[in-house]
Amino acid sequence: MTDEPVATPAGITAASDTGPLTYETAGVSIAAGDEAVRRLAPHARSTFRPEVLSDIGAFGAVTALPDGFTEPVLVSANDGAGTKPLIAAALGRWDTIGIDVVAMCVDDIVTLGAQPLLFHDQITAGRLEPDVVEAIVSGLAAGCRSAGCALVGGELAEHPDALAPGEVDIAGFAVGVAERARLPRPLTGEPVVLVGLVSGGLRCNGYSLARRVLLGSSPEPELLDAPAWPGADRTLGDELLAPSAIYAPTVLALFAECDARGAAHITGGGLAANVARMLGPAADAVIQRGTWPVPTIFSHIASTGPVMPSEMERVFNLGIGMVVAVPPSQADAAVATAHAAGYEAWMIGEVGPGTGTACLVNPDT
C-alpha cells in the first residue's frame with residue numbers, strides 16, 4: 001500500500017507545509033486583545049457608580065438599583081454611531097467616537113425619564129490595535145461620566161475576513177432606572193410647548209448621505225482637511241467628527257424641575273418623525289421653522305448635493321438634538337434650565353388636539 005497525499009480544501013495550505021496553525025495565523029491576536037483589556041480597565045473604572053458591585057473582567061456585570069425609588073423599572077436601549085466611524089478611521093482619530101455611541105443610547109432612555117445606570121460596549125475590528133481600542137474606550141468613559149452612568153463591561157472582537165484591518169464597528173447598550181408612576185404617557189392633545197435643545201451639527205445621523213454629498217464614495221483625507229464650507233474656521237473633518245451632545249442630565253432636570261410631559265430624541269427620521277413618537281392618537285404637534293438657527297453645515301449639504309428641503313428634514317436634525325414637551329406655564333423656565341446646563345434652547349412648537357401627526361410649518365402658517 002502506497003502513501004497518498006491528504007486532500008485539503010481549495011485555497012488552504014496543509015499544516016504540514018507551514019507548521020501548526022494558530023489563532024494568530026488565522027488573523028486573531030489574543031495578545032493584542034489582552035493588552036487592549038489591560039489598557040481599557042482604568043478608563044472603565046473611572047465611571048463606576050456606588051451601585052457597581054463587580055469589576056472589569058468578570059463574565060457579567062453586577063449593579064444594584066440606586067436608592068430613592070418606590071417602584072423602580074428598568075429602561076434599556078442599544079445603538080451605534082452609524083457610519084461616522086469611517087470619518088474617525090480616515091483621520092486616525094478615535095478618541096471621541098465613543099462619546100457618540102454613549103449619547104445615542106442614553107439619550108434614548110432619558111426620554112422616558114430614566115436615569116442612566118450602566119453601559120456595555122461592543123467593539124469589533126478587522127484587527128485589534130490596542131492604541132485604537134484605548135482611544136475608543138476613553139471616549140466611551142468620557143461619555144459615561146457626562147451621562148452619569150457606569151461603563152461596566154463590554155466585548156472586544158477581532159473578525160478577520162469579515163472586516164478589513166483598520167475597519168472598526170462600535171455599538172453600545174444602556175440600562176437606566178425610572179420611577180414607574182412617573183413614566184411619560186403619550187401626549188393627549190392638552191396644550192404643551194415644545195422646547196428644542198441645540199445640536200451644533202449632525203451628531204450621528206445622516207452620515208451616509210452627508211458623506212456621499214461632501215466626500216463622494218470615500219472619505220479622502222485631503223477633503224477632510226479642507227474648510228468645512230467656504231469661509232469656515234474649522235476643517236470638514238473637525239465638523240464631521242465633532243462629538244454628540246449628551247442631553248441626559250439636562251432632560252432629567254427638565255422632568256424634575258419643569259414638569260416635562262415627554263421628550264423626543266432627534267435621530268434618524270428627523271424632527272417630525274421623532275416628535276410624533278411622543279403623541280397619542282388625539283394629539284398633533286406643529287413645529288415652526290425659523291424659531292432656531294440652523295447650523296451652516298446643513299445648508300452646505302443641501303446646496304452641495306443638492307438635497308431637497310423635504311429630504312433634509314427627513315434625514316437630519318437641522319440643529320435640534322432633543323425636544324422636550326412642557327406645560328405652557330413652564331416654557332420659559334425650561335429654556336432657562338437648559339441654558340443653565342450649557343445648552344441653547346428655544347420654544348420651537350406646540351402640541352394640541354389632532355390625529356397623532358407632527359409636521360414642520362413656515363412662520364405665520
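User: Is V213 buried or exposed?
Analyst: V213 is buried, with a relative accessible area of 17%, where buried means under 20% relative accessible area, exposed over 50% and partly exposed in between, using a 1.4 Å probe and protein chains only. This is a predicted model, in which local features need pLDDT of at least 70 and side-chain atom pairs count only at pLDDT 80 or more, while totals for chains, interfaces and linings use all residues. Residues are numbered from 1 along each chain as its sequence is written, and side-chain values use heavy atoms, with hydrogens and water left out.

User: Where does V213 lie, and what is it in contact with?
Analyst: V213 lies in helix α6, helices being DSSP runs of H or I with at least four residues and strands runs of E with at least two, numbered from the N terminus. Leaving aside neighbours within four places in sequence, V213 is in contact with I301, T304, G305 and V307, contact meaning heavy atoms within 4.5 Å.

User: How do α6 and α11 cross?
Analyst: The axes of α6 (residues 207–215) and α11 (residues 296–304) come within 9 Å and cross at roughly 65°; axes are lines fitted to C-alpha atoms, for helices over the stretch in contact, with angles from 0 to 180 degrees between N-to-C directions. On the α6 side the contact is made by A210, V213 and L214, and on the α11 side by I297, H300, I301 and T304.

User: Changing topic, which aromatic pair involves Y247?
Analyst: Y247 pairs with Y343 in a tilted arrangement, 5.2 Å centre to centre and with 45° between the planes. Rings of Phe, Tyr and Trp (its six-membered ring) pair if their centres lie within 6.5 Å, and planes under 30 degrees apart count as stacked, over 60 as edge-to-face and the rest as tilted. Y247 lies in the loop between α8 (236–241) and α9, and Y343 in the loop between α13 (331–340) and β9 (345–353), so the pair ties together parts that are 96 residues apart in sequence.

User: Are those two buried or exposed?
Analyst: Y247 is buried, with a relative accessible area of 0%, and Y343 also counts as buried, at 16% relative accessibility.

User: And α5, what covers its buried residues?
Analyst: The cover includes α2 (30–45), α4 (97–109), β2 (115–125), β3 (150–158), β4 (168–179) and α9 (248–257). Among the buried residues of α5 are P130, V133, I136, L140 and A147.

User: What follows α5?
Analyst: α5 is followed by G148, whose phi is positive, near 80°.
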